[in-house]
Amino acid sequence: MTSLQRHRAMIAGQKVDFVPRLPILMQFASEFIGADYSNFASDYRVLVAANRKCAEYFGIDQMNTMSDPYRETQGFGAKIIYDKNAIPRCESHPLQEAIEPARLPRPDPLTSERMRDRIEAIKLYRQQVCDAASIMGWVEGPAAEAADLRNLMNFMMDLVDDETQSGELMDRCVTTAIDFARAQIEAGADTIGIGDAIASQVSPDVYEHLIQPREKQLVKALKDMGAIVRLHICGNITHLLPGIADLGVDILDVDHMANIAEARRVVGRRVTLAGNIDPVSGVMRGNPDTIRRTIRRHYELVGNPFMVNAGCEIPPSTPKENLLAMCEPIAYCP
């Protein structure tokens with residue numbers, strides 16, 4: 001099977017030759033080819049070269065377009081600072097001083113510098129891998145992008161102090177995410193990832209009242225475009241699982257702090273679970289034997305549909321032999 005066939009078949013509940021592997025590589029990939037992270041995050045050609053090299057060397061079934069959370073933020077008017085050996089920084093949050101969503105422009109993915117760069121990465125992947133591998137585009141979820149626009153602490157207070165304005169801000173973020181996703185799908189992405197990390201920090205009531213309905217709107221729009229949808233919320237999402245189960249996503253990343261068995265119980269077998277070995281203590285500081293055993297234990301625990309992944313990004317100092325062990329093919333078990 002090709003990587004794309006394997007990816008699609010697992011999601012569809014069909015038999016595969018072995019379990020798909022889709023670890024998140026960013027700084028690791030950059031350093032693997034000896035590139036500065038500033039170039040990885042700002043030049044799609046470096047990002048594509050790094051991820052393709054890692055996919056070939058380690059055995060990875062999905063081409064990744066992730067680098068940092070500030071693609072859309074720059075389109076909204078933020079100034080992004082590139083650091084040589086760290087993720088880019090947002091120098092100023094466009095709405096830091098006041099929550100005034102009406103002030104924001106509607107970014108154009110085809111002209112916004114950093115959004116366009118991701119689109120170009122997808123086009124280059126499509127030229128190089130054709131239909132051999134899954135290509136994943138990425139958008140920020142409503143809460144994550146709103147927090148980037150307002151500053152994290154401001155946004156967390158907004159959720160309590162001003163539901164109307166915080167809701168309007170997230171609505172604008174959803175509109176931009178849909179625009180951005182559409183351009184990525186048209187460029188050749190078969191999968192769109194949604195990153196909404198800050199959602200793990202709110203209560204179930206806040207999530208289900210303010211954030212989940214907007215995530216659901218975004219998921220529906222992506223599915224209507226024909227995309228596979230992958231949700232990534234860093235942290236412990238156990239308390240959010242009932243709302244997540246109603247989103248309609250195809251793939252759910254489960255961080256190491258969450259209970260993956262509980263995730264399977266709540267979301268059922270309609271959702272492919274990906275995870276959830278600890279990327280630091282389990283992968284970076286682990287050893288190949290324990291990594292293999294942990295991944296197999298997780299697969300045995302939750303069953304199909306399942307994909308191999310760590311709880312979050314693979315740390316850049318992870319030994320190569322550890323990532324090779326993580327990506328070692330695991331035979332499909334009905």
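What does the accessible surface of the chain come to, and what percentage of it belongs to carbon and sulfur atoms? The accessible surface is about 13000 Å², and carbon and sulfur atoms hold 49% of it; areas come from the Shrake-Rupley method with a 1.4 Å probe, and for residues only the protein chains shown count as cover.

This is a predicted model, in which local features need pLDDT of at least 70 and side-chain atom pairs count only at pLDDT 80 or more, while totals for chains, interfaces and linings use all residues. Residues are numbered from 1 along each chain as its sequence is written, and side-chain values use heavy atoms, with hydrogens and water left out.

**Figure 1. The whole chain.** The chain has 15 helices and 9 strands, where helices (H or I, at least four residues) and strands (E, at least two) are DSSP runs numbered from the N terminus. Its radius of gyration is 19 Å, close to the 20 Å that the globule rule gives for 334 residues, so the chain is as compact as a globular protein of that length. The radius is taken over C-alpha atoms, and the rule is 2.2 Å times the number of residues to the power 0.38. The C-alpha trace spans about 50 × 40 × 35 Å along its principal axes. Of the 334 residues, 60% count as buried; buried means under 20% relative accessible area, exposed over 50%, and partly exposed in between (1.4 Å probe, protein chains only). Among contacts (heavy atoms within 4.5 Å) with a separation of 6 or more, 71% join residues 24 or more positions apart. Side chains number 36 positive and 45 negative, and the centres of the two sets lie 6 Å apart. Lys and Arg count as positive and Asp and Glu as negative, with His and the chain ends not counted; the place of a charge is NZ of Lys, CZ of Arg, CG of Asp or CD of Glu.

**Figure 2. The largest nonpolar core and Met 326.** A nonpolar core is a set of buried Ala, Val, Leu, Ile, Met, Phe, Trp, Tyr and Cys residues joined through side-chain atoms within 4.5 Å. The largest one holds 110 residues, of which Ile 244, Leu 252, Leu 273 and Met 326 touch the most other members. Helix H9 (residues 163–187) gives the most to this core, with 11 residues. Beyond its neighbours within four places in sequence, Met 326 contacts Pro 23, Val 283, Ile 291, Ile 295, Val 308, Asn 309, Ala 310 and Ile 314. In soluble globular proteins, nonpolar side chains tend to be buried together.

**Figure 3. Met 115 in helix H6.** Met 115 is found in helix H6 and counts as buried because its relative accessibility is 0%. Its contacts, neighbours within four places in sequence aside, are Arg 71, Glu 72, Gly 75, Pro 107, Pro 109, Thr 176 and Phe 180.

Figure 4. Helix H1 (residues 3–11) is mostly covered, with 7 of its 9 residues buried. The buried residues of H1 are Ser 3, Leu 4, Arg 6, His 7, Ala 9, Met 10 and Ile 11. Most residues other than glycine have a negative phi, and most peptide bonds are trans. Cys 130, which is not a glycine, has a positive phi of about 50°. Cys 130 sits in the loop between helix H6 (113–129) and strand S4 (134–140), and it counts as partly exposed because its relative accessibility is 45%. Asn 151, also not a glycine, has a positive phi near 90°. Asn 151 is in the loop between helix H7 (142–150) and helix H8 (152–161), and is partly exposed at 22% relative accessible area. The peptide bond from Gly 275 to Asn 276 is cis, with omega near -10°; Asn 276 belongs to the loop between strand S8 (272–275) and helix H13 (279–284). The bond from Asn 304 to Pro 305 is also cis, with omega near -5°, and Pro 305 is in the loop between helix H14 (288–302) and strand S9 (306–307).

**Figure 5. Cys 312 and its contacts.** Cys 312 is found in the loop between S9 and helix H15 (320–326). At 22% relative accessibility, Cys 312 is partly exposed. Apart from neighbours within four places in sequence, Cys 312 is in contact with His 232, Cys 234, Asp 255 and Pro 279. Cys 312 and Pro 23 are 289 residues apart in sequence, and 7.9 Å apart from C-alpha to C-alpha.
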